[in-house]
Amino acid sequence: MASVSVLESLRQQIAACEAQLLDLRRQLVEAEHQQRQQREQERLQRSAQKAPDPLAYDFTYGIHDDFRTEIFAALSQDEDAQQATKRWPLERTEYKRYGRQLIMPEIGLQGQLRLRHASVLIIGVGGLGCPAAAYLVGAGVGTIGLVDGDVVEESNLHRQILHSTGRVGMTKVDSAVVALHSLNPIVKLVPHHGRLTPETAIPTLKPYDLVLDCTDTPASRYLISDACVLLGKPLISASALRTDGQLMVLNNPPLPPGDTAGGPCYRCVFPKPPPPESVVSCGDGGILGPVVGVMGVLQALEAIKVLTRSSPLPTNGAASVDPPSLLIFSAYANPMFRTIRLRTRKPKCATCSAQATVTPEALNSGSLDYVQFCGSINPVNTLGPNERISAENYAKLRLDVNPFTGREPSKDGHILVDVREKVQFDLCSLEGSVNIPFSVVSSTLGSSVIRPDDAVENAKEPDWVSELKSHPDKPIFVVCRLGNDSQLTVKRMKNLGLDSGGQRWIGDIKGGLKAWRESVDRDFPEY
Amino acid sequence: MAPAKAPSGHFSILYFAAASTLTTKSNEHLPAPLEARHLFAKLEEKYPGIKEKVLSSCAVTVNLEYVDIDTEDAEQADLVIKEGDEVAIIPPVSSG
């Protein structure tokens with residue numbers, strides 16, 4: 001049985017040959033085009049020499065440039081009759097469609113041919129992937145692969161510009177294919193349904209020339225970067241949250257691990273993942289459409305730059321590539337953009353250095369656990385059953401006569417604390433609730449963590465604590481959006497002694513306002 | 001707003017993304033000079049918890065240049081942040 005290293009070596013050789021073949025094909029197209037141009041030129045010269053009469057002079061120089069080539073083309077028709085269809089390297093419709101970028105020196109005919117022969121994989125068809133895909137399909141990249149495992153939701157539509165109201169519920173990949181095909185039917189679209197996993201990463205990325213990371217978790221960012229280094233693909237990575245965005249062109253030039261002339265990878269820039277509890281999704285933290293849109297558009301721009309750059313010779317591959325940088329976008333800062341100069345590959349990088357521990361075998365076998373590497377937070381479940389009340393029972397307590405005491409319901413009989421941030425509380429809230437944002441609660445140090453030297457500073461009790469202490473007899477119900485922060489708040493309140501040593505009941509509403517909407521009040525807004 | 005120029009004897013520090021959320025500011029001025037390897041301790045003193053929540057995973061730049069100051073064998077452990085320098089704390093943003 002062949003050893004693993006032999007198999008890998010064969011795979012690498014095949015990949016290298018395929019890349020070479022692709023490059024040769026492109027070179028052939030370019031060479032054919034140059035040959036045709038040369039022939040044309042020679043024919044022009046020949047006819048100028050052979051016919052020294054004034055008419056020939058007129059034909060060569062006296063005719064408007066716009067018509068001259070056309071006339072000569074018509075005259076030489078029979079000579080190249082068989083080649084008529086291949087006379088122009090692009091189809092007629094392509095000259096029209098891409099005309100505005102074709103006439104730019106940055107693109108030109110060669111650049112357009114490079115785009116047409118290129119394939120790009122876009123991972124994540126959301127806020128970043130939609131605009132990135134739209135511009136790359138518009139620009140005529142030959143093949144675009146789309147990876148996503150989600151379906152379109154109404155809350156996506158303010159920023160995910162390929163999807164539409166009518167396609168809510170459709171997979172994002174299918175929805176994007178519909179939109180992109182109507183935008184440009186020339187481009188070949190390859191749908192990849194489902195999320196990228198360590199086991200599927202290498203086979204999925206392998207056929208493509210360039211990868212765009214448009215995903216939304218730290219785990220996928222490390223996975224995609226690792227796979228790109230192992231496969232030798234340049235990676236354009238972007239992200240956005242709230243009003244901030246980041247953009248990097250990584251592994252460019254895409255040289256093998258250990259080659260210090262290669263571009264840095266995601267691990268070189270961010271070797272340690274952020275702690276999982278600090279990772280905020282767009283669903284929780286919010287996102288402004290144009291912020292993520294800008295980042296996705298910039299990804300498409302960088303992709304076009306990488307793809308249309310004249311193919312570097314293997315020997316001086318690094319020479320034609322921009323030095324690595326991190327672009328930071330802050331929509332509400334001035335200046336909005338900052339460019340950070342990045343270092344080259346980190347000497348001890350786990351993926352792209354000579355001491356790399358991330359290998360294709362480890363990736364394929366699934367022994368690299370990216371979710372574990374980045375950590376994960378389990379749903380909060382810190383309270384006992386006697387510290388929690390269901391939304392239905394809380395509704396009864398608010399609305400019905402108490403079945404045990406026969407007392408009329410009273411909203412004054414308890415305190416309802418809503419710990420969502422103020423901006424969310426202002427959107428919608430339960431009548432009579434008071435807002436104490438979780439950020440305020442969590443920044444109030446519990447009595448157990450007060451250090452002796454801070455005692456004087458911490459002696460001053462925050463207003464919200466003294467306010468709650470001034471009604472020691474009323475039970476406190478805590479509610480939040482989903483039922484996690486409410487539990488942590490109950491813990492913190494007890495830690496601060498608000499339960500008067502167990503005299504007062506403090507608990508949370510299980511499942512938060514989501515449960516309230518689902519089981520009590522269907523009109524309560526969902527956002 | 002464009003951050004004001006640092007007063008004499010200070011450097012500017014910019015907080016992005018999660019660093020801005022935790023400190024509740026986008027920039028401020030801190031006394032210079034400061035040895036770069038003491039930067040995290042200085043910030044932890046000012047914002048308890050920031051080291052674990054933000055600094056442990058963030059990128060740090062001085063004058064728009066990525067610097068490596070945190071690891072044991074950091075190449076720029078001896079770097080000194082000078083008066084007028086611009087330091088930035090850049091946590092990874094992973095959403096999209």
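This is a predicted model: local features need pLDDT of at least 70, side-chain atom pairs count only at pLDDT 80 or more; totals for chains, interfaces and linings use all residues.
**Entry 1. Confidence**

I then took the chains in turn. Chain A has a mean pLDDT of 87, with 85% of its residues at 70 or more. For chain B the mean pLDDT is 90, and 91% of the residues reach 70 or more.

I shall read both stretches with caution.

**Entry 2. Domains of chain A**

I noted the domain assignment of chain A: domain 1 covers 4–81, domain 2 covers 108–374 and domain 3 covers 385–519. Between the centres of domain 2 and domain 3 of chain A, taken over C-alpha atoms, I recorded 42 Å.

**Entry 3. Residues 7–41 of chain A**

I checked a UniProt annotation here: an unreviewed entry lists residues 7–41 of chain A as "coiled-coil region". In the model I found this stretch of chain A to be 100% helix and 0% strand. Its end C-alpha atoms lie 51 Å apart.

**Entry 4. Where chain A meets chain B**

How many residues of chain A are in contact with chain B? I noted 40 residues of chain A, in contact with 24 residues of chain B. I then asked which elements of chain A supply this side. Helix H10 (218–231), strand E5 (235–241), strand E6 (244–250), E7 and E8 of chain A each supply at least two of its residues. By class, the side of chain A that touches chain B holds 20 nonpolar, 13 polar and seven charged residues.

E7 (residues 325–330) and E8 (residues 337–341) of chain A pair in the antiparallel sense over five bridges. They form a hairpin, with six residues between E7(A) and E8(A). Within this pairing, I found Arg338(A) in E8(A) as the bridge partner of Ile328(A).

I examined the loop between E6 and helix H11 (266–269) of chain A, where Pro253(A) is found. The peptide bond from Asn252(A) to Pro253(A) is cis, with omega near 0°. Asn251(A) is also placed in the loop between E6 and H11 of chain A. Although Asn251(A) is not a glycine, I noted a positive phi of about 50° for it.

Cys265(A) is in this loop as well. I looked up its annotation: in an unreviewed UniProt entry, the feature "binding site" is placed at Cys265(A), Cys268(A), Cys349(A) and Cys352(A).

**Entry 5. A cis bond in chain B**

I recorded a cis peptide bond in chain B, from Ala32(B) to Pro33(B), with omega near -5°. Pro33(B) lies in the loop between strand E2 (27–31) and strand E3 (34–35) of chain B.

**Entry 6. The five-strand sheet of chain A**

What is the order of the strands in the open sheet of five strands? I read it as E9-E13-E12-E10-E11 of chain A, with parallel pairing. Strand E9 (388–389) and strand E11 (434–435) of chain A are the edge strands, each pairing on one side only.

I then went through the pairs. E12 (residues 476–479) and E13 (residues 506–509) of chain A run parallel and are joined by three bridges. Here Val478(A) has Asp508(A) in E13(A) as its bridge partner. E10 (residues 415–418) of chain A runs parallel to E12(A), and four bridges join them. E10(A) is also joined to E11(A) by two bridges, again in parallel.

I gave Asp418(A) a separate note. In E12(A) its bridge partner is Val479(A), and in E11(A) Asp418(A) stands opposite Asn435(A).

Helix H21 (residues 485–495) of chain A lies across E12 and E13 of chain A. I recorded that H21(A) runs at about 175° to E13(A).

Terms used. Residues are numbered from 1 along each chain as its sequence is written. Chains are lettered from A and ligands numbered from 1 in the order in which they are written. Domain bounds come from an automatic or database domain assignment. pLDDT is the predictor's confidence in each residue, from 0 to 100. Two strands pair if DSSP finds at least two bridges between them. Two residues are in contact if their C-beta atoms, placed from the backbone, lie within 7 Å. Ala, Val, Leu, Ile, Met, Phe, Trp, Tyr, Cys and Pro count as nonpolar, Asp, Glu, Lys and Arg as charged, and the others, Gly among them, as polar. Axes are lines fitted to C-alpha atoms, for helices over the stretch in contact, and angles run from 0 to 180 degrees between N-to-C directions. UniProt positions are given in the numbering used here, feature names are shortened, and annotations may be inferred rather than shown by experiment.
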